[in-house]
Amino acid sequence: MKPENDTANYFKAVIAYDLKKFDVANEDFKKVMTNKQSSFYYDAEFRLGFSLLKSGKKEEAKLQFEKIKSNSESPYSSEATTILKELF
């Protein structure tokens, strides 16, 4: 698999998350996020927050959701606001 293949990396991350392999998921979601033009960018950014949370990296997850909340272009901005209120 080519490292720059955002589609493959995104779905690999989703599968890793579903299998509770959160460190792998974190790594692959971050790979997708290196390309802001990726059609999976915002999904990867949002799912990374949950994956970080599940892997015990609560502070990093909080920062991830704060980043999403502050980005008015993110389709997940309002969801991130809700998550921050409910979980942190």
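Begin by selecting Phe 50, which is partly exposed because its relative accessible area is 27%, where partly exposed covers the range between buried, under 20% relative accessible area, and exposed, over 50%, with a 1.4 Å probe and protein chains only. What you have open is a predicted model, in which local features need pLDDT of at least 70 and side-chain atom pairs count only at pLDDT 80 or more, while totals for chains, interfaces and linings use all residues. Residues are numbered from 1 along each chain as its sequence is written, and side-chain values use heavy atoms, with hydrogens and water left out.

Phe 46 counts as buried, at 12% relative accessibility. The ring centres of Phe 46 and Phe 50 are 5.2 Å apart and the planes stand at 90°, so this pair is edge-to-face; rings of Phe, Tyr and Trp (its six-membered ring) pair if their centres lie within 6.5 Å, with planes under 30 degrees apart counted as stacked, over 60 as edge-to-face and the rest as tilted.

By that rule there are 10 aromatic pairs. Another one to display is Tyr 17 with Phe 22, edge-to-face because the centres are 5.3 Å apart and the planes lie at 70°. Phe 22 is buried, its relative accessible area being 14%. Then select Tyr 10, Phe 11, Phe 29 and Phe 40, which ring pairs link into a cluster.

Next comes the largest nonpolar core, with 14 residues, of which Tyr 10, Phe 29, Val 32, Met 33, Ala 44 and Leu 48 touch the most other members; such a core is a set of buried Ala, Val, Leu, Ile, Met, Phe, Trp, Tyr and Cys residues joined through side-chain atoms within 4.5 Å. Helix 1 (6-18), helix 2 (22-32) and helix 3 (41-54) are the elements that give this core two or more residues. Apart from it lies another core, of six residues, including Ile 68, Ala 80, Ile 83 and Leu 84.

Finish at Met 33, in the loop between helix 2 and helix 3, which counts as buried at 14% relative accessibility. Leaving aside neighbours within four places in sequence, Met 33 is in contact with Tyr 41, Ala 44, Glu 45, Leu 48, Gln 64 and Lys 67, contact meaning heavy atoms within 4.5 Å.

Note on methods:
Helices (H or I, at least four residues) and strands (E, at least two) are DSSP runs, numbered from the N terminus.
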